Amino acid sequence: MSSAQSRSGASLLLDTQCTLGEGATWCARTGRFYWTDIEGARLWRYDPSDGQSTSWLMSERLATFALCADPRYLLLGLATHLAFFDLATGVTRHIVDVETGLNTRVNDGRCDRQGRFVFGTKDEGSPLQAVGGFYRLNHDLSLERLLLPAPAISNSIAFSPDGSTMYYCDSPTREIRVCDYRADGSIGNDRVFVKLTDATGEPDGSTVDRDGGLWNAQWGGHRVVRYGPDGMETERVDVPTAQPSCVALGGTPSGLSTGRVAELDTLYVTSARIDLDATALASDPHAGGVFIATPGRQGLPEPLFLGSPV
């Protein structure tokens, strides 16, 4: 590791033992952290002001979600469709089905800087095949497919601070890609951003900090890695669990009492227990928990989906 790189470690915050924790999202409006247990079909929320966690059981697996401009709602990426979710009542409203007729499900997603929801899908067959797609839900709730290579497992969707660059990956390829992303929604100049060179690990969920660095959770690698806008590794966070899955930069867990919630300088990392046998779990008992670190970088408020649920 060069002198330009730094290394730190994460610690356990919540021992939730999610089967497949994902979708790490910090809500800057409320100072709360959201995530999902995909296989548990459950949405989770943690409030650092009192240390309490709340969860909602979904009608089917919840793969991804987004905060909405209307704070009463979340936009859900359920296994087979997109829907609005009323946080107060628990009622969902169907928007559109996704890849009907294919053996796929919705997977990773994030809003772009224009408030549109971009997401990808995952093949559920065996062996995995690159049969999925990347899509965008527009403000008018129309769904369009993006002209990007079909993935087996879509992941790492994130956008540069100015919104002009989109990151994404097909996890089994062990590379993260990048493309130009224009305000009108058109894309171009698709290219490799970084290839993983460690012996273990695949790129999973990502977030971007206010300096334009991409933080990527690396499944099977016990780590989160930050890459500068030039694709060079600058920082690495060791995570004491095998399958870190997604990341967000948010407020400190001690939060409202310290006045540091708005600094967005805490790295939240979700993880998973899926596919770990009894021997692996014996040495990784907190798999599926939420971990935190303070790597010395600040995040950006998560973009809100601007489409109306009404």
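Author: In this predicted model, Val247 stands opposite Val269, a residue of strand E24. The strand facing E24 is E23, and the two pair in the antiparallel sense over 6 bridges. Strand E23 comprises residues 244-250, while E24 comprises residues 266-271. As to burial, 7 of the 7 residues of E23 are buried, so this strand is largely enclosed by the rest of the structure. In general, the strands of a sheet pair through backbone hydrogen bonds, in either a parallel or an antiparallel manner.

Strand E9, residues 81-86, pairs with E10 in the antiparallel sense over 5 bridges. Here Phe85 stands opposite Thr92, which belongs to E10. These strands are part of an open sheet of 4 strands, ordered E7-E8-E9-E10, with antiparallel pairing. From one strand to the next, the twist averages 25 degrees.

Asn216 is placed in strand E20, which covers residues 214-219. Its relative accessibility is 0%, and it therefore counts as buried, the limit being under 20%. The side chain of Asn216 is joined to that of Gln218 by a polar contact of 3.2 Å. Beyond residues up to four places away in sequence, Asn216 touches Ser156, Ile176, Pro203, Asp204, Gly205, Ser206, Arg223, Val224, Val225 and Tyr227.

The other residue is Phe134, found in strand E13 (residues 134-137). With a relative accessibility of 1%, Phe134 also counts as buried, because the value falls under 20%. Phe134 and Phe119 lie 15 residues apart along the chain, and their C-alpha atoms are separated by 5.7 Å. Phe119 is also among the contacts of Phe134 when neighbours within four places in sequence are left aside.

To return to the pair requested, E23 is a strand with 7 of its 7 residues buried, and its antiparallel partner E24 is joined to it over 6 bridges, with Val247 and Val269 standing opposite each other.

Note on methods
Residues are numbered from 1 along each chain as its sequence is written. This is a predicted model: local features need pLDDT of at least 70, side-chain atom pairs count only at pLDDT 80 or more; totals for chains, interfaces and linings use all residues. Side-chain values use heavy atoms; hydrogens and water are left out. Buried means under 20% relative accessible area, exposed over 50%, partly exposed in between (1.4 Å probe, protein chains only). A polar contact is a pair of N or O atoms within 3.5 Å; within protein, one must be able to donate a hydrogen and the other to accept it, and residues adjacent in sequence count only if both atoms are side-chain atoms. Contact means heavy atoms within 4.5 Å. Two strands pair if DSSP finds at least two bridges between them. Axes are lines fitted to C-alpha atoms, for helices over the stretch in contact, and angles run from 0 to 180 degrees between N-to-C directions.
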